[in-house]
Amino acid sequence: MATKIEGLAEFHVPGLAKPCQTWYTVIGDLHTSAAPPLIVLHGGPGACHDYLLPLTDLGPSTAIVFYDQIGNGRSTHLPEKNGDENFWSVELFINELDNLLSHLGLQDRPIDVYGHSWGGMLAAEWAAAQPPNLRRLIISNSLASMDAWREGVNYLRQQLPAHDQKGLAHAEETLDFESSEYQDAVEVPTLLMNGVQDEAQDVAMQPFFDHLPGKVKWITLDNAAHFSHVDQRKVYMRHLGAFLAGS
């Protein structure tokens, strides 16, 4: 049975008077595992790590680091920063990831990084700085831009009954956010994964495939939606394990 530890990494956020902590758990042994550790970045923003625990199917040869991003789950909550778009920046979450890696002694060791949905965007942004210890990158069920995401979601909406489409249109709120400049800077081997019924439709993933300069492999799973790792668990883990093993 794989070992499991939990801990808190102190995280200093400039401008905050109170100390912050990032909660994490490591499943497997960071020191004895044969493969580089896999660092898992969950989606949201606003989710936490729990829904990605099926990744432990990869087995004991890979130590996996899960954590709850600041503001979520077991990490420090900051209700006083609700709605503060200047505070909740990509830079904040990149700094948190760097801080966690340093806390775990992984800042100079080879690692693989996995990001799901928003976590995939964060992983790509972090990888764009070309950290020398990044070995492989996995971007799962994610998006290269909100415009492309909306295009894919609108395609799925058109498959719904007319009354459902009308209700969604009435309730919809849009967000103008573009994330593309980092794409040309990621040079490590990268795996893209999504599902046929995914909100992250091919149009949202395509810019990653077109613009990432490193070796990119893209797998789209049938009968799978945004949680492809659950919908097609065995097939998903087989592809992910093969990629991490270098095949």
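Guide: A polar contact is a pair of N or O atoms within 3.5 Å; within protein, one must be able to donate a hydrogen and the other to accept it, and residues adjacent in sequence count only if both atoms are side-chain atoms. This is a predicted model, in which local features need pLDDT of at least 70, side-chain atom pairs count only at pLDDT 80 or more, and totals for chains, interfaces and linings use all residues. Numbering starts from 1 along each chain as its sequence is written, and side-chain values use heavy atoms, leaving out hydrogens and water.

Visitor: With which side chain does the side chain of threonine 22 make a polar contact?

Guide: Threonine 22 belongs to strand E2, residues 20–27 (strands, at least two residues, and helices, at least four, are DSSP runs numbered from the N terminus). Its contacts (heavy atoms within 4.5 Å), apart from neighbours within four places in sequence, include Gly7, Phe11, Tyr67 and Asp68. The polar contact, at 2.7 Å, is with the side chain of glutamate 96.

Visitor: Is threonine 22 buried or exposed?

Guide: Buried means under 20% relative accessible area, exposed over 50%, and partly exposed in between (1.4 Å probe, protein chains only). Because its relative accessible area is 1%, threonine 22 is buried.

Visitor: How many of the eight residues of E2 are buried?

Guide: Cysteine 20 has 1% relative accessibility, so this residue counts as buried. E2 is largely enclosed by the rest of the structure, because the buried residues number seven.

Visitor: Which residue in E4 is the bridge partner of tyrosine 24?

Guide: E2 runs antiparallel to strand E1 (residues 4–11), joined by eight bridges, and there glycine 7 stands opposite tyrosine 24. E2 is also antiparallel to strand E4 (residues 64–67), with four bridges. In E4 the partner of tyrosine 24 is tyrosine 67.

Visitor: What arc do the buried residues of H7 cover around the axis?

Guide: Tyr236, Met237, Leu240, Phe243 and Leu244 are the buried residues of H7. They lie on the same side of H7, because the directions from the helix axis to their C-beta atoms cover an arc of only 125°.

Visitor: Which exposed residues does the face of H7 turned away from its buried side carry?

Guide: Helix H7 takes in residues 233–244. Its buried residues pack against several elements, among them strand E3 (38–41), strand E8 (216–221) and helix H6 (228–231). The face turned away from them carries Lys234 and Arg238.

Visitor: Which glycine follows H7?

Guide: H7 has 12 residues. After the helix comes a residue with a positive phi, near 95°: glycine 246.

Conventions. The expected span of a helix is 1.5 Å times one less than its number of residues. Two strands pair if DSSP finds at least two bridges between them.
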